[in-house]
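Hello,

Here is the structure I promised to pass on. My notes on the side chains follow below.

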Amino acid sequence: QVQVVESGGGLVQPGGSLRLSCTASGNIVKIYSMDWYRQGPGNRRDRVAAITWDDRTTYADPVKGRFTVLRNNSKNTVYLQMNRLTPPDTAVYYCNVAASEQIGAAPRSVWGQGTQVTVSS
């Protein structure tokens, strides 16, 4: 079974930076993608950044130019470097991993527990 754990959240002042980490572990044959989502108070969960197995990246418009997603395949880890943070970036950030646990099997989507990011002075 695949487990996903996020870390790195916290309180930061506007204009500051944070780096989130997400590590997948367990019986992993192949990771297809590792995506970052966020959910602010009263909002839906939206994808903010994604990276595929061949390092193709996509970003949501609100974070383009400020957030960067990086991947360390040897550690099954993805990072979200967040710069120039603003109060609207306040949310719980979740990692979603699409991974297969058997050769030839379709990937399964697994969520982490989330990490809180608060941007406030």
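**Side-chain notes**

Asp 46 is partly exposed, at 31% relative accessibility (buried means under 20% relative accessible area, exposed over 50%, partly exposed in between; 1.4 Å probe, protein chains only). This is a predicted model, where local features need pLDDT of at least 70, side-chain atom pairs count only at pLDDT 80 or more, and totals for chains, interfaces and linings use all residues. Residues are numbered from 1 along each chain as its sequence is written, and side-chain values use heavy atoms, with hydrogens and water left out.

**Salt bridges**

Asp 46 pairs with Arg 44 in a salt bridge, 2.7 Å from N to O (a side-chain nitrogen of Lys or Arg within 4 Å of a carboxyl oxygen of Asp or Glu). Arg 44 is exposed, at 65%. The whole structure holds seven salt bridges. Another joins Arg 56 to Asp 54, at 3.1 Å. Here Arg 56 is exposed at 51%, and Asp 54 is partly exposed at 33%.

What about buried charges? Arg 66 and Asp 89 form a salt bridge, with the closest N and O atoms 2.7 Å apart. This pair links distant parts of the chain: Arg 66 is in the loop between β6 (57–59) and β7, Asp 89 in the loop between β8 and β9, 23 residues apart. (Strands are DSSP runs of E, at least two residues, numbered from the N terminus.) Arg 66 is buried, with a relative accessible area of 12%. Asp 89 is buried too, at 1%. Arg 38 joins Arg 66 and Asp 89 in a network of salt bridges.

**Nonpolar core**

The largest nonpolar core has 28 residues (buried Ala, Val, Leu, Ile, Met, Phe, Trp, Tyr and Cys residues joined through side-chain atoms within 4.5 Å). Trp 36, Leu 80, Met 82, Tyr 93 and Val 97 touch the most other members. Elements giving two or more residues include β1 (2–7), β4 (30–39), β8 (77–82) and β11 (115–119). β9 gives the most, with five residues. In soluble globular proteins, nonpolar side chains tend to be buried together.

Met 82 is worth a click. Beyond its neighbours within four places in sequence, Met 82 contacts residues including Leu 18, Leu 20, Phe 67, Tyr 93 and Val 117 (contact means heavy atoms within 4.5 Å). Arg 66 is also among the contacts of Met 82.

**Aromatic cluster**

How many aromatic pairs does the count come to? Two (rings of Phe, Tyr and Trp, its six-membered ring, with centres within 6.5 Å; planes under 30 degrees apart are stacked, over 60 edge-to-face, the rest tilted). Tyr 37 and Trp 111 are edge-to-face, 4.8 Å centre to centre, with 65 degrees between the planes. Tyr 37 is in strand β4 and Trp 111 in strand β10 (residues 108–111), 74 residues apart. Tyr 37 is buried at 19%; Trp 111 is partly exposed at 37%. Tyr 94 and Trp 111 are edge-to-face as well, at 6.4 Å and 85 degrees. Tyr 94 lies in strand β9 and Trp 111 in strand β10, so this pair ties together parts 17 residues apart in sequence. Tyr 94 is buried, at 14%. Tyr 37, Tyr 94 and Trp 111 make one aromatic cluster.

Arg 45 meets two of these rings. Its charged end sits over the ring of Tyr 94, 3.6 Å from the centre (NZ of Lys or CZ of Arg within 6 Å of the ring centre and within 35 degrees of the ring normal). Arg 45 also lies over the face of Trp 111, at 4.6 Å from the ring centre.

Best wishes

Methods
Helices (H or I, at least four residues) and strands (E, at least two) are DSSP runs, numbered from the N terminus.
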